[in-house]
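Please read the following points with the structure open beside the text. Each point takes up one part of the chain.

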Amino acid sequence: MLIYDLDFSELVEIVVAWGQPVFRAQQIWDGLYKNFWQSPDEFTNLPKVLREKLAAEIRFDIITPTLKLDSTDRQTRKTLFRLQDGRQIEAVLMRYDRRKTLCISTQVGCAMGCTFCATGQMGFTRHLSSGEIVAQVMYYARLLHDQQDVVTNIVLMGMGEPFHNYDNTMKAIDRLNAQDGYNFGARRFTVSTSGLVPAIRKFAAEKRQVNLAVSLHATENELRGSMMPINRKYDVEELIKACHEYVLATGRRITFEWALINGVNDTPEQAKKLAKLLHGLLCHVNAIPLNPTTGYEGKATTRERADIFKQVLEQNGIPCTIRIRRGIDIQAGCGQLASHTA
Ligand code: SF4
């Protein structure tokens, strides 16, 4: 049993089954999510017997950091974690002035096979449990807490397709969002999908306040299908239809991710086609020059081409941001995450 897999009600049940009063569960919960304690030894407010029971019955060492890499500008930290079964995942902290954004993983590997992505290139191994997702956040929350700082945003854009592991991803978000726990605001989460249409519909129906990002990268089925195999199952038209339904159901703006690849999808014509495709949709485009991976030949666009792409989109009524590439020197950029020793 992993400590972060437990909801508060489940923790209460366990503590009561051990013959302890309910308030002990509250103390444990507060210790985990308000004080960021990560080992039973730290719960010095509990009787020794309960601490020993916790240590014997519940795993606290869910993820073990085995490698920490800082980018040369020291603004990005990537951590490689070993899981209980020896598998490995990565999670990244990005510091942008006041913002401290975490990019966390939801699976070991990924089944979606996007050709430009290091995680896709390694294939799928398994889903993460909700507790393994939560543990990545609590690890960094503790790190920042020790520096008198806090996490401000969480993006589920690390290894894996969050909607392929839908239930555990949502359970993790709910646990982190619990008001009497970590209380991380729903609107400060962003879930990213490669375009799993049924899951987008499910997510829309749940009307969560969590932000949705869709990796689009191409407007034409042939090109998108060659980069993202999921497009062969749910094509561009079906995906955009589901996005319209999402906006209609939630009133929330969608972010479309667009990795700018030199000569592939970064021309003014492509920008015009994209603007046409997104016409009438409450959305924003995040364009990011492609981050290099060894398994894909495409190159990043130039700054000039990126600026023209943005200009054309905006002239056609679609807001666009060119995202700064972060952590490239430590393979911590978008699409670069893969556990090197897995
Ligand atoms: S881009 Fe996302 S969905 Fe595609 S293979 Fe990589 S991790 Fe999976």
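This is a predicted model: local features need pLDDT of at least 70, side-chain atom pairs count only at pLDDT 80 or more; totals for chains, interfaces and linings use all residues.

1. Two residues are said to be in contact when heavy atoms of theirs lie within 4.5 Å. With that cut-off in mind, the buried residues of helix α6 pack against α2 (22-33), α5 (130-145), β7 (153-156), β8 (189-193) and α7 (197-206).

2. Helix α6 itself covers residues 166-177, which makes 12 residues. From the first C-alpha to the last, α6 reaches 16 Å, close to the 16 Å expected at 1.5 Å a residue. Which residues of α6 are buried? They are Tyr166, Thr169, Met170, Ala172, Ile173, Arg175 and Leu176.

3. Helix α10 (residues 268-278) packs with helix α11 (residues 303-315) at an angle of about 35 degrees, and their axes are 8 Å apart. The crossing of α10 past α11 is right-handed. On the side of α10, the contact is made by Pro268, Gln270, Ala271, Lys272, Leu274 and Ala275; α11 contributes Ile308, Phe309, Val312 and Leu313. Sorted by class, this contact has 8 nonpolar, 1 polar and 1 charged residues.

4. Around the ligand stand Cys110, Met112, Gly113, Cys114, Cys117, Thr119, Gly120, Gly160 and Ser194. How many residues of each class does this shell have? There are 4 nonpolar and 5 polar residues, and no charged ones.

5. Thr101 belongs to strand β4 (residues 99-103). Is Thr101 buried or exposed? Thr101 counts as buried because its relative accessible area is 5%, and the cut-off for buried is under 20%. Apart from neighbours within four places in sequence, Thr101 is in contact with Val92, Leu93, Met94, Tyr96, Thr152, Asn153 and Val155.

6. Arg59 is located in the loop between α3 (48-57) and β1 (63-70). Its relative accessibility is 37%, so Arg59 counts as partly exposed. Residues up to four places away in sequence not being counted, Arg59 touches Met1, Leu2, Ile3 and Gln84. Arg59 and Tyr4 are 55 residues apart in sequence, while their C-alpha atoms are 8.9 Å apart in space.

Conventions
Residues are numbered from 1 along each chain as its sequence is written. Side-chain values use heavy atoms; hydrogens and water are left out. Axes are lines fitted to C-alpha atoms, for helices over the stretch in contact, and angles run from 0 to 180 degrees between N-to-C directions. Helices (H or I, at least four residues) and strands (E, at least two) are DSSP runs, numbered from the N terminus. A crossing is left-handed if the near helix is turned anticlockwise from the far one by less than a right angle, and right-handed if clockwise. Ala, Val, Leu, Ile, Met, Phe, Trp, Tyr, Cys and Pro count as nonpolar, Asp, Glu, Lys and Arg as charged, and the others, Gly among them, as polar. The expected span of a helix is 1.5 Å times one less than its number of residues. Buried means under 20% relative accessible area, exposed over 50%, partly exposed in between (1.4 Å probe, protein chains only). A residue is near a molecule or strand if one of its heavy atoms lies within 4 Å of it.
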